Amino acid sequence: MAQVTWIGHGTALLDVDGVRLLTDPLLRDRVAHLRRHAPLPPFETLRGIDAVLLTHLHRDHLDLPSLRRVGRDVSIVVPRGGGRLLLRRGFDAVREIAPGEQIAVGSLGVSATEARHHGGRGVVGARGPALGYLVSGTRRIYHAGDTDLFDGMRTIGATPLDLALVPIWGWASRLGPGHLNPLRAAQALELLKPEIAIPIHWGTYAVGPAARPAPRYVRAPLEPFLVAARELAPSVRVVALEPGQSLEL
């Protein structure tokens with residue numbers, strides 16, 4: 001059995017072969033200048049997490065208050081170079097990983113892949129590479145993290161993927177370097193060739209006061225991505241979940 005729940009932004013709950021993995025937990029209504037425009041999940045849904053997978057050290061992906069909600073005793077997998085940041089803040093079960101390395105979490109294999117994105121935590125903060133993760137059990141699932149296109153996606157997809165979670169935007173009206181926009185996300189599907197794709201990193205957070213309606217750009221990337229995916233990767237089944245929704249594989 002495998003089930004994927006998109007919590008919002010880069011956060012997804014992967015329940016595969018009885019092992020529960022949570023990616024990049026961002027579980028707050030307000031994070032610095034960002035406001036959440038999607039409901040937070042009931043805390044009960046996040047119990048029993050076996051490991052947290054952090055794709056990079058940016059504050060909207062490594063969020064210390066959210067990690068405390070999950071629990072200091074839960075194993076955290078972090079890009080190599082970021083472990084000290086967590087250990088100094090009382091997280092004891094920390095494992096570092098670099099692209100090309102693999103660890104075991106229960107019965108699953110978790111491999112770190114390349115990602116084209118600056119992954120450090122500011123000019124004077126911790127530094128480490130940005131990662132994607134490939135989870136292998138009875139299902140093979142790829143979480144791209146924050147990334148732009150890179151040719152290694154062909155290699156990741158050379159062995160069939162049951163599911164790819166692919167970012168299609170960010171959290172502002174403009175994208176900086178190292179991100180997929182709707183067109184490049186569809187081009188990523190051409191390279192990865194997964195059976196199913198779920199668009200992530202859209203529809204959740206935006207800049208500005210919480211009281212105002214969500215800006216148009218929060219949801220705007222979805223339709224262009226769906227159109228481009230139908231044209232460029234017609235064999236891929238795209239399932240556009242709303243934050244909090246699940247898909248059984």
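This is a predicted model: local features need pLDDT of at least 70, side-chain atom pairs count only at pLDDT 80 or more; totals for chains, interfaces and linings use all residues.
Let us remain with β12 and turn to another partner. Strand β11, residues 131–136, pairs with β12 in the antiparallel sense, over four bridges. A hairpin of three residues joins β11 to β12, and Leu134 stands opposite Tyr142 in β12.

Are the faces of β12 covered or uncovered? Both faces of this strand, residues 140–143, are covered. Arg140 and Tyr142 lie on one side, Ile141 and His143 lie on the other, and all of these residues are buried.

I now move to a sheet elsewhere in the chain. Three strands form an open sheet in the order β4-β5-β15, with antiparallel pairing. Its edge strands are β4 and β15, each of which pairs on one side only. Strand β5, residues 34–36, is joined to β15 by three bridges, and Arg36 stands opposite Tyr205 in β15.

His201 is not a glycine, yet its phi is positive, at about 60°. Why is that worth a remark? Most residues other than glycine have a negative phi. His201 also counts as buried, because its relative accessible area is 1% and the cut-off for buried is under 20%.

Next, the aromatic rings. The count comes to one aromatic pair. The rings of Trp6 and Trp202 have their centres 5.5 Å apart and their planes at 25°; the pair is therefore stacked, since planes under 30 degrees apart count as stacked. Trp6 belongs to strand β1, residues 2–8, and Trp202 to the loop between β14 and β15, so the pair ties together parts that are 196 residues apart in sequence. Both Trp6 and Trp202 are buried. Elsewhere, a charged residue meets a ring: Arg72 lies over the face of Phe91, at 5.2 Å from the ring centre.

Finally, let us consider the chain as a whole. How many helices and strands does the chain contain? There are five helices and 17 strands. The C-alpha atoms fill a box of roughly 50 × 45 × 35 Å along the principal axes. A compact globule of 249 residues would have a radius of gyration near 18 Å, and the 17 Å of this chain agrees with that. Buried residues make up 57% of the 249 residues. Of the contacts with a separation of 6 or more, 63% are between residues 24 or more positions apart. The accessible surface comes to about 10,500 Å², and carbon and sulfur atoms account for 52% of it.

Key. Residues are numbered from 1 along each chain as its sequence is written. Side-chain values use heavy atoms; hydrogens and water are left out. Buried means under 20% relative accessible area, exposed over 50%, partly exposed in between (1.4 Å probe, protein chains only). Rings of Phe, Tyr and Trp (its six-membered ring) pair if their centres lie within 6.5 Å; planes under 30 degrees apart count as stacked, over 60 as edge-to-face and the rest as tilted. Helices (H or I, at least four residues) and strands (E, at least two) are DSSP runs, numbered from the N terminus. A charge sits over a ring if NZ of Lys or CZ of Arg is within 6 Å of the ring centre and within 35 degrees of the ring normal. Two strands pair if DSSP finds at least two bridges between them. The radius of gyration is taken over C-alpha atoms; the globule rule is 2.2 Å times the number of residues to the power 0.38. Contact means heavy atoms within 4.5 Å. Accessible areas come from the Shrake-Rupley method with a 1.4 Å probe; for residues, only the protein chains shown count as cover.
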